[in-house]
Amino acid sequence: MGSFYDEMPDWLMAWLVKQHIFFVATSAREGHVNVSPKGMEDTFHIIDNKTVWYEDLSGSGVETISHLRDNGRITIMLTAFDKPPRIARLFGTGTVYEYGTPEYEQYIPAEKRKPGSRSVILVDIHKVGSSCGYAVPFMEFKSHRNVLEQWAAHRERDENAGSGKGMREYWRTKNTQSIDGVPGLKFAHETEGELKSVGIPAYARVGGVGEDLSAAGKYPGSAGALADKLGLNALVEKAEQVAVPLVQAVDTHYVLGLLSGAIAALAYVRFVDAHTA
């Protein structure tokens, strides 16, 4: 049986901060209902028993911000993927504080801002639901991805270099309205000055921490077997060791392009040698 509370119990708050993912549901008065998964370490924060906030990172959509501008309704859901089974829902009213506003800077000073951070979503909770989650499967947490941080850091480097193709241009073209035309960002893309952040995390790895970067992962099925035969596993591992420091200094896509070309060339040479020997 589910239980409902007027505020978050202490035992529930202790559990919430240990979770690695949460889901955000919003809807405009008319149009689509949106549900977004949120991850990234140290983005979800509890102020007190009735108030939470999270750091909203840039993406191709802006549904949550747009819907909160429209009516403020929001539900945050967290679920356990280990023992004990549990689902928690935080029903509340959300407020958007965009990058560049005084309220945003109160929550996220420049020295703590993640690359691509575009707003603070503050939620005033009016009801809390807790239920069993007996049908939620067991899943093992490996690590947080960092691809978004790498992409955003590159965009912000371009922005600060004055390329005209940086983060503010992305906000302007992708984040000013929802898929239903509801207004999204209003201020962030109009700000000026250097975009400052903590940068790419020290654990940065091409493809994202915890993802399969082996030849088998890149070349599934029969192609994976051929990759193993040609020794691509070792090549990928060596390339990965070289790429990690490079992606922190230059464009990730440029590095991946070079590595892909080199691996393809080596694979072709070995394939030809194997069939002409």
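Lys38, Asp56 and Arg118 are linked in a network of salt bridges, a salt bridge being a side-chain nitrogen of Lys or Arg within 4 Å of a carboxyl oxygen of Asp or Glu. A search of the whole structure finds 7 salt bridges. The model is predicted, so local features need pLDDT of at least 70 and side-chain atom pairs count only at pLDDT 80 or more, while totals for chains, interfaces and linings use all residues. Residues are numbered from 1 along each chain as its sequence is written, and side-chain values use heavy atoms, with hydrogens and water left out.

**Salt bridges**

- Lysine 38 pairs with aspartate 56, the closest N and O atoms being 3.6 Å apart. This pair links strand β3 to strand β5 (residues 51-57), 18 residues apart; helices (H or I, at least four residues) and strands (E, at least two) are DSSP runs, numbered from the N terminus.
- Arginine 118 meets aspartate 56 at 2.7 Å, N to O.
- Lysine 38 counts as buried at 17% relative accessibility, and aspartate 56 counts as buried at 1%. Buried means under 20% relative accessible area, exposed over 50%, and partly exposed in between (1.4 Å probe, protein chains only).
- Arginine 69 forms a salt bridge with glutamate 98, the closest N and O atoms being 2.1 Å apart. Arginine 69 lies in helix α2 (residues 63-70) and glutamate 98 in strand β7, so the pair ties together parts 29 residues apart in sequence.
- Arginine 69 is partly exposed at 27%, whereas glutamate 98 is buried at 1%.

**Backbone geometry**

- Most residues other than glycine have a negative phi, and most peptide bonds are trans.
- Methionine 40 has a positive phi near 75°; the residue lies in the loop between β3 (33-38) and β4 (44-48) and is buried, with a relative accessible area of 16%.
- Aspartate 42, in the loop between β3 and β4, has a positive phi near 65° and counts as exposed at 55%.
- The peptide bond from lysine 83 to proline 84 is cis, with omega near -10°. Proline 84 lies in the loop between β6 (73-79) and β7 (87-98).

**Helix α4**

- Buried residues of α4 include Glu149, Ala152, His154 and Glu159.
- Glycine 162, which follows α4, has a positive phi near 80°.
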